[in-house]
Amino acid sequence: MLDRELERKLAAHLFNETWRLIEKPDRTAEETIMMIHSAHASRYHWQSVGDCSHKAIGEWQISRVYSLLSLSGPALYHARLCLEICDTQSLSPFMTGCAHEAMARAFSSNDKTSAKLHHRAASELAVLVQDPEDRGILESDLKSIALGE
């Protein structure tokens, strides 16, 4: 068993490494594989040392990775887990908005109606987010989803 502080640092490091790879425009095939594994590994470690917010964020990030790779089935599975955590734990409007953003992104490639419903739910929650930086993050993520009109 890992020391709790070491495991917390490992979970955060893996999350940040996943995000670095998400943002890397010229990712290699090997880096893509590492992106998937680091997202899952981060979530695994948060299970032991994180609270419900960490777990929801972990599921959100895994969903984001799969959406980026156009793997809508796994993206939707992890987005649903994120939303379930947010709903059962009554998490903040920001966290719940991010869960709906993940759902919208996961649905965006094959179910525009569901994508738009979740996009609308996330947009309505964004208005309730008190922290301007968090609200900006959520709104920016929502703008990046291709819904088609």
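Good morning. I shall begin with Ser-70, which counts as exposed because its relative accessibility is 65%, above the 50% cut-off for that class. The model under discussion is a predicted one. Ser-70 sits in the loop that joins α3 to α4. Its phi is near 60 degrees, a positive value in a residue other than glycine. As background, most residues other than glycine have a negative phi.

Ser-90 may be described alongside it. Ser-90 belongs to the loop between α4 and α5, and its phi, near 50 degrees, is again positive in a residue other than glycine. With a relative accessible area of 64%, Ser-90 is therefore exposed.

Which residues of the largest nonpolar core touch the most other members? They are Ala-56 and Cys-86, in a core of 35 residues. At least two residues of this core come from each of α1 (4–23), α2 (29–49), α3 (52–68), α4 (72–88), α5 (93–107), α6 (112–126) and α7 (132–143). The largest share, nine residues, is supplied by α5. In soluble globular proteins, nonpolar side chains tend to be buried together.

Setting aside neighbours within four places in sequence, Cys-86 contacts Ala-56, Leu-91, Met-95, Thr-96 and Ala-99. One of these partners, Ala-56, is the other residue I named for touching the most other members of the core.

I now come to the helix pairs, starting with α2 and α3. Their axes are 9 Å apart, and the helices pack at an angle of about 170 degrees. Because that angle is over 145 degrees, α2 is roughly antiparallel to α3. The crossing of these two helices is left-handed. On the α2 side, the residues in contact are Met-35, Ile-36, Ala-39, His-40, Arg-43, Trp-46 and Gln-47. On the α3 side, they are His-54, Lys-55, Gly-58, Glu-59, Gln-61, Ile-62, Val-65, Tyr-66 and Leu-68. By class, this contact comprises eight nonpolar, five polar and three charged residues.

Is Glu-59 buried or exposed? Glu-59, a residue of helix α3, has a relative accessible area of 6% and is therefore buried. Not counting residues up to four places away in sequence, Glu-59 touches Arg-43, His-78, Leu-81, Cys-82 and Ile-85. Of these, Arg-43 is also on the list of α2 residues that meet α3.

The second pair is α3 with α5. Here the axes come within 10 Å and cross at roughly 20 degrees. That angle is under 35 degrees, so α3 is roughly parallel to α5. The crossing is left-handed here too. From α3, the contact involves Ser-53, Ala-56, Ile-57, Trp-60, Ser-63, Arg-64 and Ser-67. From α5, it involves Met-95, Cys-98, Glu-101, Ala-102, Arg-105 and Ala-106. The residues of this contact divide into seven nonpolar, three polar and three charged. Ala-56 is among the α3 residues here, and Met-95, on the α5 side, is one of the partners of Cys-86.

Still in α5, we find His-100. At 13% relative accessibility, below the 20% cut-off, His-100 counts as buried. Which residues does His-100 touch, not counting those up to four places away in sequence? They are Leu-83, His-118, Ala-121, Ala-122 and Leu-125.

For contrast, consider His-37, which is placed in helix α2. Its relative accessible area is 48%, so His-37 is partly exposed. Between His-37 and Leu-14 there are 9.1 Å, C-alpha to C-alpha, for a separation of 23 residues in sequence.

Leaving aside neighbours within four places in sequence, Trp-19 is in contact with Trp-60, Gln-61 and Arg-64. Among these, Gln-61 also takes part in the contact of α3 with α2, while Trp-60 and Arg-64 also take part in that of α3 with α5. Finally, the C-alpha atoms of Trp-19 and Met-34 are separated by 11 Å, and the two residues are 15 apart along the chain. Thank you for your attention.

Methods
Residues are numbered from 1 along each chain as its sequence is written. This is a predicted model: local features need pLDDT of at least 70, side-chain atom pairs count only at pLDDT 80 or more; totals for chains, interfaces and linings use all residues. Side-chain values use heavy atoms; hydrogens and water are left out. A nonpolar core is a set of buried Ala, Val, Leu, Ile, Met, Phe, Trp, Tyr and Cys residues joined through side-chain atoms within 4.5 Å. Buried means under 20% relative accessible area, exposed over 50%, partly exposed in between (1.4 Å probe, protein chains only). Helices (H or I, at least four residues) and strands (E, at least two) are DSSP runs, numbered from the N terminus. Contact means heavy atoms within 4.5 Å. Axes are lines fitted to C-alpha atoms, for helices over the stretch in contact, and angles run from 0 to 180 degrees between N-to-C directions. Angles under 35 degrees count as roughly parallel, over 145 as roughly antiparallel, 65 to 115 as roughly perpendicular and the rest as oblique. A crossing is left-handed if the near helix is turned anticlockwise from the far one by less than a right angle, and right-handed if clockwise. Ala, Val, Leu, Ile, Met, Phe, Trp, Tyr, Cys and Pro count as nonpolar, Asp, Glu, Lys and Arg as charged, and the others, Gly among them, as polar.
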